[in-house]
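Here is my note on the model, point by point. Please read it with the coordinates open.

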Amino acid sequence: MALPIEQLRQVLSQSLSPDVTTRQNAERALLTSQTSQGHALTVLRLISSNDAADGPVRQSAAVHFKNMVKKGWSPDPDDEDAKKFLVPTSDRDMIKNNLVELMCTVPPQIQAQCSESISLIAAHDFPQKWDNLLPDLISRFGNPNWAVVNGVLLTANSIFKRFRYVQRSDALYADILYVLQRIQEPLTQLFTTITQQLDAYANNIQELTARLEALRSINRIFYSLNYQDLPEYFEDHMKEWMTGFAKLLEYKNQILVDEDEDVTPGPIDNVQVSVVQNLNLYGNKDEEPFLPYLPQFTTLVWNLLMTVTPHTKHDALATISIRFLSSLIGKLMHHKLFEGEGTLREIFGRIVIPNLTIREIDQERFEDDPAEFILSDMESSDTESRRKCTQELLRAMCRQFEQETTAICSEHVNQMLSQFASDKSKWEMKDVAIHLILGVAIRAESAQFGVSQVNEAVNVMDFFSTHVYTELQETDMNVRPMLKATSIKFVSIFRNQFSKEQFGGLLPLLIAHLGSPHVVVHTYAASAIEKMLTSKVDGPNNTKVAKVSGADLKPFLGNLFTSLFAIVENLDWNENEYVMKCIMRSLSVANDDLLEVVSIVLEKLTSALGIVAKNPKNPQYNHFLFESIAVLIRAVCSKDSAHTSAFEHFLFPPFQTILQMDVVEFTPYVFQLLAQILEFRPEGAGLGDGYTSLFAPLLTPTLWERKSNVPALSRLIVAYLGKGAKDLVPQLMGILGVFQKLVSSKANELFAFDLLRAIVMYMPQEVFMPRMKDIFHLILMKLQRGKTPKFVGLVTHFFALYIGKFGSQGYLDQLNQIQPGLGLMLLGQVWIPRLQSSSPTRLEAKTQVVGLTKLLCDTPALLADTNGQQIWSQILARAVKIVISPDSHLTGVSAEDYDDDAEIGYDASFSLLHFAKRPAVDAFPEVQDAGASLAKSMQTICASHPGVFAPLIQQGLSGDPKLSAGFQSLCQKSGVHLA
């Protein structure tokens, strides 16, 4: 029931209380009432009240309403929890009819919440279910209140962002066309009107600021509408927009410039950034109507770059402007705009050098905010910085003017190194020189694999030996620390260019830099070591092998782990994800040599785990921490499963603490590691007391309601079944209850079938068989509601397993109990079509062939009539196709190699532990070769029924010469002759 407005006002006020109990009670009351009819409308009435005393309550109501919309307007159909908060259908039209008007009448802070609510609803309802939204917003473009105009423009901008960064489709273009037909003309008129008004209000800060804010939003809307393609209207009105853009790039007004502000961009800066973003968009598209304007805008952007200060407030303007020039200079079609040595020299002198030079703010960040410095400077970071954009500019110059650019760069590098040589206090000169080399020497690189192609005119190794190596040899960690960081970055970036022997000389130097008191330096050292350990060289048979093997790393392990854990254990420093990733990678490479250090390393990792469990802050650090534990378990227990007892002894106490504290970020990791240890437990050892006592709580429904828990929990239950199914017989109904919950959700059906297959593989047959009719019925009910390819794949995989274990007659009997003839109908209408449209691979492929073979050889019902015989022939064709297809990987089903070079890291939805992956389990280890088994089974039934099967085989395979030839080849390889 919806709360009356006065009671709602009181509850929202209590939700702001400093008293925890009062606040929690209020939040519960809001949750209870928010799905009631009329509640959302009452909240909106409260937001619209004009009582000044209600300010905090109105703000709270606006946030509450936004959260209601976020969670309950269009919840994930597979999220049972979200469905509880569905905004009632009866309220929706009233909300949409009044929300824009409300946004236009409330104070700015509340307006921002209302605007976001409109955007959230529009993401699902606009335009099909909210056709009056856009006219409602556009009608306010002429409002005299600039707060209203800016509110609707910000809202429109937020809505149209969805047109960016998405794949083209008919539906997307239909939505863009709908928007363009309504907004393109009024938006253009508003743009030209406001740009013309700027001069009239030259001395009025308030009026100018409001108009510049509007222009920035208009420019961002323009960006969204032009992102996919240049619309015809904007092509026809190019002159109005380009004239306005040119005016804004040249616009100056001293009253809007705060000389004391170094960090926050001013209103003119923000507008100019948005203009250059639009120019960059057009420049990258090579739109022909834009080409005549290019020379003018190249000059304007150049002039802009000449005026930007080194201050942080101009970083966005500098980076987008440099990016615009890079996009032009790197293309042959714009060659004439930049040709000539004088132009290139001016680019070096006035853009490249100033933007590569270390600034005072960079030095401050290096010391006081190392995380921010690393984010903007690290090789693999996505964050844009002046330096990164400038190096991209150098690479673009090299694409068109490599010889000239390299020569000019060499002059600058030699001058700067000479300055440093004569005065070591001028280390910034050497830093710029190294960054210049990083800019011109690289032709091709990737963040994961490093540099793959270099500029042949630059001797990278000679430069390293002469100028970089000396910095790394300096043992005083307080001497030129920023230059040390740059030198380590050089090694990291060019890791592929170093030989194995050079790595051997570099490793001790990098390990020494792990001892640096400067966070950036020891972070770069850890990152460089980690990347070196993944570096590859060509091996035999077109393979890649590690440049640094476990044997190569072994002499350094002691110092390496001592230095890395010294950083981890220093509580004055924040959790360092690069250091923990280096620990993970070092453990992975050291693999065979971990037994002697496992106790001390595990103790240090569990100690680190205990610290972060109290307040998880850095998801990447936490992920690499759990990966490191997983590496230890895999390395040690795969050699001797008896070591699992030691891991249980070490890890159960911290894991139980995490589960008891309900540290939601960590529980999926704990479940994966518990499963990993259990899977390594010696055969016949049972579950043990620790695992036995833990099982019952794992079936608690609240644990399964968290989406992030489901993959790990289901994997853990499967591990339990694999190691102690007989002990879990009393828990079968609880496990089947979990299966029923999971199979009802599209997101979780994969895990439901993991459980079901494990029950069939490991549980005593007499225990679960009485429940099979209900299980089949449940599966078929869902199949009837919607045959998605994924679900059909899961069902047919299970059918094949079931037949392989219990025979084809058992399968037919189960289904025919539900409906006579259902088994054959599913074969013809579901199973065979699935195998025609997509072929299974690896172990599923083997399971399918085993199951299909039994269907072919043990199912007399298939031969009873023409329909059955046709199905038999189709089954044979599908089975042969799987066997002869190289994509099935049927011959390598047991070889599930670990790809330890895969990109490993945190995922917000579910973070799979790479080093704790579930080993592939062959449901039919007794069948050595599924293809040969199929051929021999065919030989047996043909011999026992002369003349019966030969025509059916001919019928099944004759339509496809590949199948016929493949089957003959299979029979020959298997030593089979069909009578």
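1. Pro127 sits in the loop between α7 (108–125) and α8 (133–138). Helices here are DSSP runs of H or I with at least four residues, numbered from the N terminus. A cis peptide bond joins Phe126 to Pro127, with omega about 0°. Most peptide bonds are trans, and most residues other than glycine have a negative phi.

2. A word on the source. This is a predicted model, in which local features need pLDDT of at least 70, side-chain atom pairs count only at pLDDT 80 or more, and totals for chains, interfaces and linings use all residues. Residues are numbered from 1 along each chain as its sequence is written, and side-chain values use heavy atoms, with hydrogens and water left out.

3. Two residues deserve a backbone check. Asp662 is not a glycine, yet has a positive phi of about 55°. Asp662 lies in the loop between α32 and α33. Its relative accessibility is 34%, so Asp662 counts as partly exposed. The classes are buried under 20% relative accessible area, exposed over 50%, and partly exposed in between (1.4 Å probe, protein chains only). Arg842 also has a positive phi, near 50°. Arg842 belongs to helix α44 (residues 842–857). At 29% relative accessibility, Arg842 is partly exposed.

4. Now the salt bridges. The whole structure holds 40 of them. The criterion is a side-chain nitrogen of Lys or Arg within 4 Å of a carboxyl oxygen of Asp or Glu. Side chains of opposite charge can pair when their charged atoms come close.

5. Asp377 pairs with Arg387, with 3.8 Å between the closest N and O atoms. Asp377 lies in helix α20 (residues 370–377) and Arg387 in helix α21 (residues 386–422), so this bridge ties together parts 10 residues apart in sequence. Both Asp377 and Arg387 are buried.

6. Arg681 and Glu648 form another salt bridge, their closest N and O atoms 2.6 Å apart. Arg681 is in the loop between α33 (667–680) and α34 (688–698), and Glu648 is in helix α32 (residues 644–661), so the pair links parts 33 residues apart in sequence. Arg681 is buried, at 11% relative accessible area. Glu648 is buried too, at 13%.

7. Arg757 and Asp754 meet in a salt bridge at 2.7 Å, N to O. They are three residues apart in helix α38 (residues 749–762), so about one helical turn separates them.

8. One network of salt bridges links Asp315, Arg359, Asp362 and Arg386.

9. Which helix gives the most to the negative patch? Helix α19 (residues 360–368) does, with four residues. The surface patch gathers Asp258, Glu259, Asp260, Asp262, Glu360, Glu364, Glu367, Asp368, Asp369 and Glu372. Patch members have over 30% relative accessible area and no salt bridge, and like charges are joined within 9 Å. Asp368 is in helix α19. Asp368 counts as exposed, at 66% relative accessibility.

10. Is Ser487 buried or exposed? At 0% relative accessibility, Ser487 counts as buried. Ser487 is in helix α24 (residues 481–493). Leaving out residues up to four places away in sequence, Ser487 touches Ile434, Val468, Glu471 and Leu472. Contact means heavy atoms within 4.5 Å.

Technical notes
Patch = residues over 30% accessible without salt bridge, like charges linked within 9 Å, V, L, I, M, F, W, Y side chains within 5 Å. Areas by Shrake-Rupley, 256 points an atom, 1.4 Å probe, with all protein chains shown as cover. Lys, Arg positive; Asp, Glu negative; His and termini not counted. Charge placed at Lys NZ, Arg CZ, Asp CG, Glu CD.
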